[in-house]
Amino acid sequence: MAIEATKRANMRRASLRSIVSLLIGSKEPPMASQAAMGFFTDTSICIGCKACEIACKQWNQLPASEPLWTGSSYDNTGQLSATTWRHVQFIERIERPDIPLLQPVPALMSGSQSTALPFFNSDRWLMQSDVCKHCANAPCLEACPTGSIIRTEFDTVYVQQDICNGCGYCVVACPFGVIARDQYGDRKAHKCTLCYDRLKDGFEPACAKACPTDSIQFGEVEQLKAHARERLGMLHERGVKEAQLYGVDDSILDGGLNSFFLLLDQPEVYNLPQNPQRPSNNVIPASLWTIVAAAVMGLFGIFIFKK
Ligand code: SF4
Ligand code: SF4
Ligand code: SF4
């Protein structure tokens, strides 16, 4: 009897919490029993080996994608998708337009002539392993109408496949273009789970485990952020002035990212928005404008029909 009463009280408290959360638009607080876990991706030591991309596909049994050759980059994956949850971007920075794109160069061993690809003219070749940012205030989670997207005890963002109805609201809400619907499969939304199944068993995510340079580091978010700041200081000391952190600061999406990056150029160069927005912040102003517009139209109608 006592257990039943406790259960009923818990249910009342839970529904009260959801009503309050619905009214004030706040997210459910993460469960406190476990420290927030995430990634620090240090792009300054990524060698573009793609071990992370393959390890993710292998562990999560995701199908291989057809290589995509754009003709302007060695990046043959293109983008994150419903079946590619890690994407190693290759960003060729061609900053010496005076050098012809195709030029003869001496072959290393034979001494004969061969042709250099445009990328060898580039001053820098940036690489970055992109992934879901597991945002502290995740727009995808806020937009999901079925409650399929939840926050786990590790403070990560997880899509429950049995509840997703494939409406795609999360896809348009994500400011990073991460989550996607599987158009050729179950038509539901998919993205990185931060290897929830591995975390539950005390293992680190497959991509971090496979990375040979430790460009992907997994751990407690607060410790990783401290380490990221140290690493940034070290790079600045060594003269890499353009190095910067992305997602460490709480100002980004009103709470920061649990998967953040050290970049060697501006975020836009890596296809990351400088100032991403939460669509939910537009709800109140947009509603007020709708009310104002309706009132103006109503007054206008009264004025016309009175004549
Ligand atoms: S990056 Fe996009 S998909 Fe990932 S948690 Fe944030 S909003 Fe959701
Ligand atoms: S954490 Fe797991 S699911 Fe996410 S990118 Fe890494 S391997 Fe893939
Ligand atoms: S495994 Fe590590 S070094 Fe290799 S591409 Fe991925 S992040 Fe870069």
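The shell around ligand 2 is made up of 11 nonpolar residues, 2 polar ones and 1 charged one. Here Ala, Val, Leu, Ile, Met, Phe, Trp, Tyr, Cys and Pro count as nonpolar, Asp, Glu, Lys and Arg as charged, and the others, Gly among them, as polar. Before going on, please note that this is a predicted model, in which local features need pLDDT of at least 70 and side-chain atom pairs count only at pLDDT 80 or more, while totals for chains, interfaces and linings use all residues. Residues are numbered from 1 along each chain as its sequence is written, and chains are lettered from A and ligands numbered from 1 in the order in which they are written.

Back to ligand 2: of the 14 residues around it, those that come nearest are Cys 56, Cys 192, Cys 195, Pro 205 and Cys 207. A residue belongs to such a shell if its C-beta atom, placed from the backbone, lies within 6 Å of the molecule. The elements giving two or more residues to this shell are α2 and α6, and the largest share, 4 residues, is from α2. Helices (H or I, at least four residues) and strands (E, at least two) are DSSP runs, numbered from the N terminus.

The largest nonpolar core has 58 residues, and Cys 52, Cys 140, Cys 170 and Cys 207 have the most contacts inside it. Such a core is a set of buried Ala, Val, Leu, Ile, Met, Phe, Trp, Tyr and Cys residues joined through C-beta atoms within 7 Å. Buried means that 20 or more other C-beta atoms lie within 10 Å of a residue's own; with 12 or fewer the residue is exposed, and in between partly exposed, the C-beta atoms being placed from the backbone. Among the residues that Cys 52 touches, leaving out those up to four places away in sequence, are Arg 86, Ser 129, Cys 207, Cys 211 and Ile 216. A contact requires C-beta atoms, placed from the backbone, within 7 Å.

β1 runs antiparallel to β10, joined by 5 bridges, and pairs with β12 in the parallel sense over 4 bridges; pairing takes at least two DSSP bridges between two strands. Follow Thr 41 to see both partners: Ile 216 stands opposite in β10, and Phe 261 is the bridge partner in β12.

Two loop residues deserve a look. Lys 50, between β1 and α2, has a positive phi near 70 degrees and counts as partly exposed because it has 18 C-beta neighbours inside 10 Å. His 134, in the loop between β5 and α3, has a positive phi of about 45 degrees, but counts as buried because it has 28 such neighbours inside 10 Å.

Finally, helix α8 (residues 283-306) has 24 residues and is hardly covered, with a count of 0 buried residues.

Note on methods
Contact = placed C-beta atoms within 7 Å.
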